[in-house]
Amino acid sequence: THADYPAWEQAASRVMYCLASCVHDHMLGYIRDSKTPKEAWEKLKKIFAANTAARKLQLRQELNNIQQRDMSITSYTLKIKELCDALGSIDVVIDDDEMVQICLGGLAPRFNSMRMTILARENTPSFFDLQSILLVEENHARQRSNTLEGQMLYSQLDDVVTRERERERERERERERERDEMILYYEKTRLQRVGLRAKDWC
């Protein structure tokens, strides 16, 4: 009724104020010309629905295309979990089996053998268990790498020592040749002097 209109208008103004306070500044332009809170709310619903659809598509593509590359297992699985949680916040539920398949599909080539072993299992592990399995494998791979690097370093050091010993032996042979040449020189000089004195005596 006309008698209730001032109260309704006052209430509507408060609702509009609340709506304006709850949205970002760049969104105010979309609802500024709205004549009623319902009109403003419907506009916001359409905008957020469009944004949510685009967000769903973006997150889903990012999740489907995720690759481990040089990430650690911890960083890689955490990224998958964050994407799934973000999708869950907009009503897109990614179940545990799909998370496992996505994780296995994006693993780096260094985990190929482990991937095949897991896929060959009768029962697929949960995402949490898969993370634990991969962490153990990553740790073992790191240890093997450290052992191999240590062996290579030892081999390189051994080669350096061997070459240095060979150079030292060569230097020793060179010194021996120099001594032999010096002895021969002094011996020839001595004989020449003896020959000269023999001539003088004659």
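This note sets out points on the fold, the helices, selected residues and the salt bridges of the structure above.

1. The model under review is predicted. The secondary structure of the protein chain consists of 7 helices and 0 strands. Read from the N terminus, the order of elements is accordingly α-α-α-α-α-α-α.

2. **Burial and surface.** The protein chain has 202 residues, and 22% of them count as buried. Its accessible surface amounts to about 15400 Å², and carbon and sulfur atoms contribute 56% of that area. Among contacts with a separation of 6 or more, 50% are between residues 24 or more positions apart.

3. **Helix α3.** This helix covers residues 37-64, which is 28 residues. From its first C-alpha to its last it reaches 40 Å, close to the 40 Å expected at 1.5 Å a residue. Which residues of α3 are buried? They are Pro-37, Ala-40, Leu-44, Ile-47, Leu-59 and Leu-63.

4. **Cysteines.** The structure contains 0 disulfides.

5. **Leu-119 in helix α6.** Helix α6 spans residues 112-119, and Leu-119 belongs to it. The relative accessible area of Leu-119 is 45%, so the residue is classed as partly exposed. Once residues up to four places away in sequence are set aside, Leu-119 touches Gln-101 and Leu-104. For the pair Leu-119 and Gln-101, the separation is 18 residues in sequence and 9.2 Å in space, taken C-alpha to C-alpha.

6. **Glu-137 in helix α7.** Is Glu-137 buried or exposed? This residue of helix α7 counts as buried, because its relative accessibility is 14%, and the cut-off for burial is under 20%. Apart from neighbours within four places in sequence, Glu-137 is in contact with Phe-111, Met-114 and Arg-144.

7. **A nonpolar surface patch.** Met-182, Tyr-185 and Tyr-186 make up a nonpolar patch on the surface, and their accessible area together is about 390 Å². Met-182 is part of helix α7, which runs over residues 127-201. With a relative accessible area of 49%, Met-182 is partly exposed.

8. **Salt bridge in helix α4.** The structure has 13 salt bridges by the rule applied. One of the pairs is Asp-85 with Lys-81, whose side chains meet at 3.0 Å, N to O. The two residues are 4 residues apart in helix α4 (residues 73-88), so about one helical turn separates Asp-85 from Lys-81. Asp-85 is partly exposed at a relative accessible area of 44%, and Lys-81 is partly exposed at 37% relative accessibility.

9. **Glu-166 and Arg-173.** The side chains of Glu-166 and Arg-173 form a salt bridge with an N to O distance of 3.3 Å. Glu-166 has a relative accessible area of 37% and is therefore partly exposed. For Arg-173 the relative accessible area is 34%, which means that this residue is partly exposed as well.

10. What separates Glu-172 from Arg-175 along helix α7? These residues are 3 residues apart in helix α7, so the separation is about one helical turn. Glu-172 counts as partly exposed at 30% relative accessibility, and Arg-175 is partly exposed with a relative accessible area of 33%. Salt bridges with shared partners also link Glu-166, Arg-169, Glu-170, Arg-173, Glu-174 and Arg-177 into one network.

Note on methods:
Residues are numbered from 1 along each chain as its sequence is written. This is a predicted model: local features need pLDDT of at least 70, side-chain atom pairs count only at pLDDT 80 or more; totals for chains, interfaces and linings use all residues. Side-chain values use heavy atoms; hydrogens and water are left out. Patches are made of residues with over 30% relative accessible area and no salt bridge: like charges are joined within 9 Å, nonpolar side chains (Val, Leu, Ile, Met, Phe, Trp, Tyr) within 5 Å. Accessible areas come from the Shrake-Rupley method with a 1.4 Å probe; for residues, only the protein chains shown count as cover. A salt bridge is a side-chain nitrogen of Lys or Arg within 4 Å of a carboxyl oxygen of Asp or Glu. Buried means under 20% relative accessible area, exposed over 50%, partly exposed in between (1.4 Å probe, protein chains only). The expected span of a helix is 1.5 Å times one less than its number of residues. Contact means heavy atoms within 4.5 Å. A disulfide is a pair of cysteine sulfur atoms within 2.5 Å.
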